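Take your time over each exercise, and try it yourself before you look at the solution.

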Amino acid sequence: MKNPLIQKSILKVLSRVEDVFLREETLAAEVEIAIDRPMKTTEFADALGDLKDRELIERDTTILGDPMWHITGKGKLAVKEGIG
């Protein structure tokens, strides 16, 4: 089940660092701070997957294969409009 609070927090965190890809671990820690509670791995993964499917965020990997995330132009627009 997708959690809108987690999705909005992911978008807000990524929009703050705009042109930077954040490591998934760092993004998860920032989102937990934003929502003021620990997240289950599954709910974080579900939120990332849904946002990626909607083309609001994109994924890349480091040379070592660690996932990194970045907000897209469409995602930036969604944050401005208050949509997540």
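**Exercise 1.** Where is D36 found? Then describe its backbone angle and its exposure.

*Solution.* Keep in mind that this is a predicted model.
- Step 1: Locate the residue. D36 sits in the loop between α2 (24-35) and α3 (41-53).
- Step 2: Look at the backbone. The phi of D36 is near 60°, a positive value in a residue other than glycine.
- Step 3: Most residues other than glycine have a negative phi.
- Step 4: Judge the exposure. A residue counts as exposed over 50% relative accessible area. D36 has a relative accessible area of 71%, so D36 is exposed.

**Exercise 2.** Which loop holds E55? Go through the steps of Exercise 1 again for this residue.

*Solution.* 
- Step 1: E55 belongs to the loop between α3 and β2.
- Step 2: Its phi is near 60°, again a positive value in a residue other than glycine.
- Step 3: The relative accessibility of E55 is 52%, so E55 counts as exposed, the cut-off being over 50%.

**Exercise 3.** How many helices and strands does the protein chain have, and how do the elements run from the N terminus on?

*Solution.* 
- Step 1: Count the elements. There are four helices and three strands in the protein chain.
- Step 2: Follow the chain. From the N terminus on, the elements run α-β-α-α-β-β-α.
- Step 3: Check the overall packing. The radius of gyration is 12 Å, close to the 12 Å that the globule rule gives for 84 residues, so the protein chain is as compact as a globular protein of that length.

**Exercise 4.** What is the order of the strands in the sheet, and which strands stand at the edges?

*Solution.* 
- Step 1: Read the order. The three strands form an open sheet, ordered β1-β3-β2, with antiparallel pairing.
- Step 2: Find the edges. β1 (22-23) and β2 (57-61) each have a single partner strand, so one side of each is left without a neighbour in the sheet.
- Step 3: Zoom in on one pair. β1 and β3 (residues 67-71) run antiparallel and are joined by two bridges. L22 has W69 in β3 as its bridge partner.

**Exercise 5.** How many positive and negative side chains does the protein chain have, and what share of its residues is buried?

*Solution.* 
- Step 1: Count the charges. The protein chain has 13 positive and 16 negative side chains. The centres of the two sets lie 4 Å apart.
- Step 2: Turn to burial. Of the 84 residues, 38% are buried, meaning under 20% relative accessible area.

How values were computed
Residues are numbered from 1 along each chain as its sequence is written. This is a predicted model: local features need pLDDT of at least 70, side-chain atom pairs count only at pLDDT 80 or more; totals for chains, interfaces and linings use all residues. Side-chain values use heavy atoms; hydrogens and water are left out. The radius of gyration is taken over C-alpha atoms; the globule rule is 2.2 Å times the number of residues to the power 0.38. Buried means under 20% relative accessible area, exposed over 50%, partly exposed in between (1.4 Å probe, protein chains only). Lys and Arg count as positive and Asp and Glu as negative; His and the chain ends are not counted. The place of a charge is taken as NZ of Lys, CZ of Arg, CG of Asp or CD of Glu. Two strands pair if DSSP finds at least two bridges between them.
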